[in-house]
Amino acid sequence: MKFLLREKSIVLTVTLIVLVAVIASGCGGSSTGQNDTGEEQPKIAFYAFNSEPILDWDPSVEYSNGIVVLNNVYETLLRYNPISNEVIPLLAAEYSKSDDGLTWTFKLRQGVKFHDGTDLKAEDVKASIDRTIALGQGAAFIWDAVEEIVVKDDYTIDFELNYPAPLDLIASSGYAAFIMSAEAIESNPDDWFSQGNEAGTGPYMLQSFKMGDEVVMTKFDDYWKGWDGEHFDKVVIKKIPETASRRQLVEKGEADVTMELPYEDIEALKGNSAVNIIDEPSFQNLLVFFNTEKAPLDNKLVRQVLCYAFPYGDVVKYAMGGYATQGRGPIPAGHWGHGKDLFQHEYDLDKAKELLAQAGYPDGGLDLLFTYMAGDEAEKKSAELYKTELSKIGINLEIRGMPWESQWELARDSDPEKRQDILTMYWWPDYASPYSWLYSLYHSEEEILFNLAYWKNARFDQLIDEGNEKSGIDRQVAEDLYIQAQEILIEETPSLFAYDKRYVWVTNSSFKGFESNPIYPNVVFFYDTYHE
Amino acid sequence: MTKNLGLINSIKPRIKEIRLSLYLLGRNRLTRLSLVVVILLILIALVAPYIVPYPEHIETETNPEDKLLLPSGDYFFGTDELGRDVFSRVLYGTRISLQTALVAVGLALLIGIPLGAIAGATGGIVDEIIMRITDIFLSFPPLLLAIAIAAFLGPSLENAMLAIAVSWWPWYTRLIRGQAVSIRERQFVKAARAIGTPPMKIVFGHIVPNCIAPVIVQASMDIGGVILTIASLSFLGLGAQPPTPEWGLMVSTSRNYFLNAWWYSIFPGLAIFVTVLVFNLLGDGLREILDPKTRKI
Amino acid sequence: MFGVVLIAFVLTRVIPSDPAAQWVGQRATSEQIEAASIELGLDKPLYVQLGKYLADLFKGDLGRSLRSHQPVSAELKAYLPATVELVLVSTIVAIFLGIPLGVVSAKRKDQLVDHVSRFFSVGAVSLPTFWVGMFLQLIFYRWLELLPLGDQLSMGIKLTCEIPHITGFLIFDSLITGDLVVFKDALAHIILPGITVALYPIGLVARMTRSALLEILDEDYIRAARSYGLPERMVLWSYAIKNSLGPTATVVTLSIGYTLVNTFLVEAIFSWPGIGSYISSAVISLDYPAIMGVTIFSACAYVVLNLIADVIIALDPRVRV
């Protein structure tokens, strides 16, 4: 009996624990509403993010996810809206450029305060950009054209350039263009920022963070736009890697906004009135690179075969759930420099077969290695769909999902024979310029970085370099040059353009005021948002 | 002559032992059941390519119009995100899991047995060195070392096998060394040594054959654990690559479609569970039978 | 321990990836990579690097994460309490469920109860934990709406309540400070991951208790006790179970090691902010100082647990060396 009794008491204890927990979860929601002091409860925005919210707190250095946080804590001189093609004044009230495009003058907004209490002056802008250039990390290269920054008076500043560059677009970059307090820069050691301190002008201040997990921000009372109207008091950005978790949090109203959900989930959520689906263009596109330095893809005909055998329609429909369009050239539609009349390959297996025979492989018999970034479901599905088509013409595709770092290391192996045959990756611009794609991905390189087709074409290089110099003066001329260059690129087919992606956001339906801006990927400007 | 002596010494009682074991094995209902299922699984693994309803869904073909369908007469377990038959893939997965597990354990034995036998048979400084190395490997929690090795080797099924083998061999080394130490002083080994048989021949000709049995038993009991480890590695993205129908990879992929098609996750998960379960049950039964203390005749 | 570090170090040096390139991030220029490789000391010979790593290790410095550029030791410290809490809770659950299960099983050996309980305990160690976690979420969060989805606390509670920080273990801290709102919330959050992680040790403990008990029940002194006509209950409790606690305790200690690694598979599913989540993202991004940090830490913990197990065995009066 004693034994049984004990057994019973254990069962009892366990039941009790479970019971308490059940009760607890039942009042979990209401307990947030209670408060002892009688103060008004803070309004909290919760962004369920798919990855680490930030990797480096240094605004001069961070060149990754962190723009999601930093754009709420810091501000840039200008902001760019690519849909309306407008440059919006932010910390700079107005700006102008000289006729030769070599001197840009910014007039700063007055009455802007930093989180450390100092006022925004031209010195702060100079100190910030100089610091970013001097550190030379992250996206600092966007300031490459800058020769000197000259403070004219407290609120006027000149940028002197080496060559004409689109400084308005550069100054509105989501990376490496943040303005910090000069006071904070001078009175602290270099690594002060990266240790998790900030000195920005943005609407939110950093309250607390757990590196790699979550960031909590709280409103900055002296923000220059003021706090009239509906705003959030606190913002949480938290890493929730599981897609199922992200979806459910937003569905149940625990989180306000999320992204990167599987398209099957989006489909299922469409009829759900608890959520809104916001579908916006992005400047992110999936590119497929062919190893032009290794047989058999050193043969242009074989590369064309691969372009005709790619199931563009199926990939858009099934890998991307229809939230994409087939790419036409490397510049996504809607971005300046995109050529509406450029040649576009279409899925045509007969043609592919014919070309394959022409190239000397009438029965196929090729084995190709295809690498993609592990964990990306759309890339994985695209690869599997591609494999199906290629197998029909006798080409065997070996698919390998790798962490980005190993994929890149393999692609940069000194021996072309050891590298992959086909590599796929997403690209998006640092600031709104076609040069970001054309230079980084296809300009010939001494040392391999992102030209992962290892393609070299002198005429192409010349055209895009010229385009870049012209883009600071006459964007129309630049655009023409860029399109000419893309014609060569498409003719030589070092890569295929799988699709231009669309951003699909899922927000709780009470979450209002949110607008997606493709040049600031995944960024929510929380100051504009509120709960209804 | 000495060799024969050793063999006769060990074989005679062993045949008896095996007979007895088989008898006992059949007596416990749970063990008997698991033995039947294990044999069934092995059969499935052998003939999987010929019996699955959609063999083309294993490697190349996709059929995206029929994605994520509910289980039905056409597709017993429904379809996956690219319209492939989950039943065919799960069935075929048996082959992959068993094959991988066997190779991984085999590799581990291949490293573990010679090292353990040499250590046990020679003793002294060699023994010390080998066993210190073994201890180092044993001080990693088992799955962790496999994760770390697989992460560093890069994701593929072959590397996962290698990672498991590298993290598993020390157990066998330790086991066989213990056996070897006791056999070292037996008469027939001493005799062999006395007539000047080369040391390596003693190790592999006399010692290994006489202490390999418990290691093999242990290894077969480990199969379940190894299958689970492979699935875990694949789940973390460190194992099989798409479109290989490996169970862990399938569960991992299905996570993305979980809320719309939870049935897709059930079957590969169940397959892991059932397979590991029967291997573990069988192992448990074996252990009980072979351990003279708990054996009751 | 030196061997552990050595193996971990060698492993990280055979990886086909350039740490310097990782340090500067995904889109880097060659100059940046070169500068980083000098900064990280990667231009020096391997043994110099190893020497430096060891020297730093003695000072408790595990290097900096390639991804976040933060000291790994500081990050471990931030992620550790959540994991330890999860491990402790599931170990306690394992003891309270596993031992009775094993006792019942041994007592009624080869009867139906034994079969069922054996099936259950072997089943518990055969379940893919990541899969169990997914289904628990589906059932208890989505369908029954009883328990929270993941994380340690609700967002609302985390931001509006004072969260007590004494030991770093939420449940314990909130309980001793009497903060019932936080306590209930934390408890509700730990149930699902706790059960998921506990399955393995429950099975292990039950199996071990059963076989230890069976062994003991066969011993002469038990037979003697029985032949004296002592009640079976007394024989079981006063002699057998007491004596089987030694091996069981050993298994419990060792199973903590397994449990720790099991959290690596489970934490990501429950967005549990522990070292499991930390190492999964480190593995994805090949952040080798972070992977090494976790590996060395876990190996240390495992070695210590092994030592404790050895001590327990040594304390067992039946073991005579």
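# Helix packing and chain contacts

Trainee: Which residues of H7(C) meet H10(C)?
Mentor: C:Thr129, C:Val132, C:Gly133, C:Leu136, C:Gln137 and C:Phe140. Their partners in H10(C) are C:Leu192, C:Ile195, C:Thr196 and C:Leu199. Keep in mind that this is a predicted model.

Trainee: How does that contact of H7(C) with H10(C) split by class?
Mentor: Six residues are nonpolar and four are polar. No charged residues take part in the contact of H7(C) with H10(C).

Trainee: What about the geometry, at what angle do H7 and H10 of chain C pack?
Mentor: About 150 degrees, with the axes 9 Å apart. H7 covers residues 129-143 of chain C, and H10 covers residues 180-217. At that angle, H7(C) is roughly antiparallel to H10(C).

Trainee: Is the crossing of H7(C) and H10(C) left-handed or right-handed?
Mentor: H7(C) and H10(C) make a right-handed crossing.

Trainee: Zooming out, how many helices and strands are in chain C?
Mentor: Chain C has 14 helices and zero strands. Read from the N terminus, the elements of chain C go α-α-α-α-α-α-α-α-α-α-α-α-α-α.

Trainee: And what does the C-alpha trace of chain C span?
Mentor: About 85 × 50 × 35 Å, taken along the principal axes of chain C.

Trainee: Switching to interfaces. How many residues do chain C and chain A put into their contact?
Mentor: Chain C gives 56 residues and chain A gives 63. The two chains bury about 5,300 Å² between them. Carbon and sulfur atoms carry 59% of that area.

Trainee: How many salt bridges cross the interface of chain C and chain A?
Mentor: The rule finds three between chain C and chain A. C:Arg142 forms a salt bridge with A:Glu251. In that pair, the closest N and O atoms are 3.1 Å apart.

Trainee: Why would side chains like that pair up?
Mentor: Side chains of opposite charge can pair when their charged atoms come close.

Trainee: OK, chain A against chain B. How many residues are in contact?
Mentor: 25 residues of chain A touch 21 residues of chain B. Chain A and chain B bury about 2,100 Å² between them, with 55% of it on carbon and sulfur atoms.

Trainee: Which residues in chain A lose the most area to chain B?
Mentor: A:Glu264, A:Tyr318 and A:Glu384. Together they make up 26% of what the chain A side buries.

Trainee: How many salt bridges sit across that interface of chain A and chain B?
Mentor: Five, by the rule. B:Glu81 forms a salt bridge with A:Lys380, and their closest N and O atoms are 3.1 Å apart.

Trainee: Where do A:Glu293 and A:Lys456 sit in the chain?
Mentor: A:Glu293 is in the loop between strand E12 and helix H8 of chain A. A:Lys456 is in the loop between helix H13 and helix H14 of chain A. The pair links distant parts of the chain, 163 residues apart.

Trainee: Last topic, chain B. At what angle do H3 and H10 of chain B pack?
Mentor: About 35 degrees, with their axes 10 Å apart. The crossing of H3(B) and H10(B) is right-handed.

Trainee: Which residues make the contact of H3(B) and H10(B)?
Mentor: H3(B) uses B:Val86, B:Val90 and B:Leu98. H10(B) uses B:Tyr264, B:Phe267, B:Pro268, B:Ala271, B:Thr275 and B:Phe279. Eight residues of the contact of H3(B) with H10(B) are nonpolar, one is polar and none is charged.

Technical notes
Residues are numbered from 1 along each chain as its sequence is written. Chains are lettered from A and ligands numbered from 1 in the order in which they are written. This is a predicted model: local features need pLDDT of at least 70, side-chain atom pairs count only at pLDDT 80 or more; totals for chains, interfaces and linings use all residues. Side-chain values use heavy atoms; hydrogens and water are left out. Axes are lines fitted to C-alpha atoms, for helices over the stretch in contact, and angles run from 0 to 180 degrees between N-to-C directions. Helices (H or I, at least four residues) and strands (E, at least two) are DSSP runs, numbered from the N terminus. Angles under 35 degrees count as roughly parallel, over 145 as roughly antiparallel, 65 to 115 as roughly perpendicular and the rest as oblique. A crossing is left-handed if the near helix is turned anticlockwise from the far one by less than a right angle, and right-handed if clockwise. Contact means heavy atoms within 4.5 Å. Ala, Val, Leu, Ile, Met, Phe, Trp, Tyr, Cys and Pro count as nonpolar, Asp, Glu, Lys and Arg as charged, and the others, Gly among them, as polar. Buried area is the accessible area (1.4 Å probe) that two parts lose on being put together, summed over both. A salt bridge is a side-chain nitrogen of Lys or Arg within 4 Å of a carboxyl oxygen of Asp or Glu.
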